[in-house]
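Subject: the structure you wanted to look at

Hi,

Here is the structure I promised to pass on. Have a look below, and then read on for my notes on what turned up in it.

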Amino acid sequence: MSNTIKRGVSLYSYQNETFQGKMSLEDCIRTSAALGAHGIEIIGEQTFWGWPECGVAQDDVDNWHRLMAKYDCVPVSHDFMLDYKRYKGREMPFDEQVASVKNDIDFGARLGMKFIRALVSIDPAVLVAAADYAQEKNIKILIEVHAPLHFDHPWIIRHAEAFEKSGSDALGFLPDMGMFLFRFPPVWKEKFLRIGVPKAIADYVEQAYEDRVLSEYVILNVQQMGGTGPAIAMAETLRHNAAFEPKRMLDYMPRIHNIHGKFYQMDEEYVEPSIPYDQIVKVLKQGNYQGYICSEYEGNRWIEDAQEPDSVEQVRRQQVMLARLLGESVEPSLNTTVAA
Amino acid sequence: MMDNKMIVEGSLQREEGGFSFLGRLPYYRGLGLSMIEDIIVSVDGAAIPREAIRFSVRGQTYTLDEMETVYDNRWNFGEKARIVALNGGLPAGTHAITFAVRMRVSYLPFVPTTKDTKQLALAA
């Protein structure tokens, strides 16, 4: 079965290794390409030292293009940050925010990206003001729709209305699949148990999530069960996560151009126990989605206190899962060692 | 995030008027220095005053107050900065170093403080 959904990796996934210098940029790109994930997404400030305050040397940009060509990869997205709290005690003025976005558009264009990712807290008017410039540079600015926000939230609707009113095709959405969290992730529960949450409370929170109980009721109940500190923190994760419906993406498909394949853990059977990728891929096919799904491993921070994350193995498992769901005939595998 | 990787093992050394170690930003990206709200250091349970701390990257050294208005330099992702504490010095031996960073992150609805404690040896 053929389809037009393509596989990619956000190099965010390898952060545990790159932070410690255990994987180079080339290692990340070679590993992703070996898995058949030829779309490469980056957080500019993670992959390129110096960006944005100190700029990036042309040699580093040339090296990026050399690696893209060497491993037959495609630059997909430069995820930018826009630190509008750069100045202590005052927000960055509007015009400076727009100029900052234009600077990231330029950087995205230098890297050959199709998209730049905007964080969800950014004022839609800032993005609208940068849209014509993005269009000139052949870049689309995509706002990341990320839990606890979702496609029915008024803030996202405000963005959608602003995008429609602008009439610009250079503005769109990048949904993060973490918003479809249909079960409490086992790695989260295990972490909360390790930091002292009583088992009875952890079991209750997990079940309450499964039962879709409103977060505020769960928090109160945990307080009344005698929960303090980490137990309250565990209950409060329900404020920031919910099992929204993948089909809510369908109304927005014309403006959805990239997908964050968020995952917290992939088990040995190639299943993400908390995010319903089978349903997600079905919806994306139904919506005739033609972009990349970029792996975004975020289990690292939930296990690093107990074990060294193996980001490459986690990404490999997710890529196997995606290839199966997309109906690909060849199973992704790693034939080479990660570090050259 | 990256909590247990903040203090670099084996990096404790003497400085004129104090000691130093290598520290990394507990974050998945780098940050402009103006957004480092505070760096908190203690040694063997004794807090170092804020004004006695220096931050040094790529040959540039700053007080924490100076960093608040530095808009042209960064603490990059995974970059090892030298954290200097001007406490008058440390005796040789093993010391418990605690290192915490408070960051102003535009998109977060809270101001995170992340902390690491490690036992580091200072040679005689």
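A residue is called buried here if 20 or more other C-beta atoms lie within 10 Å of its own, and exposed if 12 or fewer do. Bear in mind throughout that this is a predicted model.

Chain A splits into domain 1 (6-183 + 243-325) and domain 2 (186-237). Taken over C-alpha atoms, the centres of these two domains of chain A are 30 Å apart. Where they touch, domain 1 of chain A contributes 10 residues and domain 2 of chain A contributes eight residues.

I started with helix 10 of chain A, residues 215-224. Which of its residues are buried? They are Val218(A), Ile219(A) and Val222(A). These cover an arc of only 100 degrees around the axis, so they sit on the same side of helix 10 of chain A. Glu216(A), Tyr217(A), Leu220(A) and Gln224(A) are exposed on the other side of that helix. The buried residues of helix 10 of chain A pack against helix 9 and helix 11 of chain A.

From helix 9 of chain A, the residues involved are Ile201(A), Ala202(A), Val205(A) and Tyr209(A). They meet Ala231(A), Met234(A), Ala235(A) and Leu238(A) in helix 11 of chain A.

Not counting residues up to four places away in sequence, Val205(A) touches Phe184(A), Val218(A), Val222(A), Met234(A) and Ala235(A). Val205(A) is also among the residues with the most contacts inside the largest nonpolar core, along with Leu127(A), Ala130(A), Ile141(A) and Ile83(B). That core has 130 residues, and it draws at least three residues from each of domain 1 and domain 2 of chain A.

**Helix 12**

Further along chain A, helix 12 (residues 277-286) has Tyr277(A), Ile280(A), Val281(A) and Leu284(A) as its buried residues. Down the axis, these fall within an arc of 95 degrees, so they line one face of helix 12 of chain A. They pack against helix 14 (311-325) of chain A. Helix 12 of chain A is followed by Asn288(A), which has a positive phi near 60 degrees.

**Where the chains meet**

The contact between the chains takes 26 residues from chain A and 22 residues from chain B. On the side of chain A that touches chain B, helix 1 (15-19) and helix 3 (44-47) of chain A are the elements giving two or more residues. Helix 1 of chain A gives the most, with three residues.

Is Asp83(A) buried or exposed? Asp83(A) is buried, because it has 22 other C-beta atoms within 10 Å. Leaving aside neighbours within four places in sequence, Asp83(A) is in contact with Gly32(B), Met35(B) and Ser106(B).

Most residues other than glycine have a negative phi, and most peptide bonds are trans. A few spots in this model go the other way:

- Leu82(A) has a positive phi near 50 degrees and counts as buried, with 23 C-beta neighbours inside 10 Å.
- Arg58(B) has a positive phi near 45 degrees and counts as exposed, with 11 C-beta neighbours inside 10 Å.
- The peptide bond from Trp51(A) to Pro52(A) is cis, with omega near 0 degrees.
- Ala147(A) and Pro148(A) are joined by a cis peptide bond with omega of about 5 degrees.

One more proline to look at is Pro185(A), in the loop between strand 6 (171-175) and helix 8 (186-194) of chain A. Pro185(A) counts as buried, with 24 C-beta neighbours inside 10 Å. Pro185(A) and Tyr264(A) are 79 residues apart along the chain, yet their C-alpha atoms are separated by 7.1 Å.

Cheers

Key
Residues numbered from 1 in each chain as written. Chains lettered and ligands numbered in written order. Predicted model: local features only at pLDDT ≥ 70, side-chain atom pairs only at ≥ 80, totals over all residues. Helix = DSSP H or I, 4+ residues; strand = E, 2+ residues; numbered from the N terminus. Arc of directions from axis to C-beta. Contact = placed C-beta atoms within 7 Å. Core = buried A, V, L, I, M, F, W, Y, C linked by C-beta atoms within 7 Å. Domains from an automatic or database assignment.
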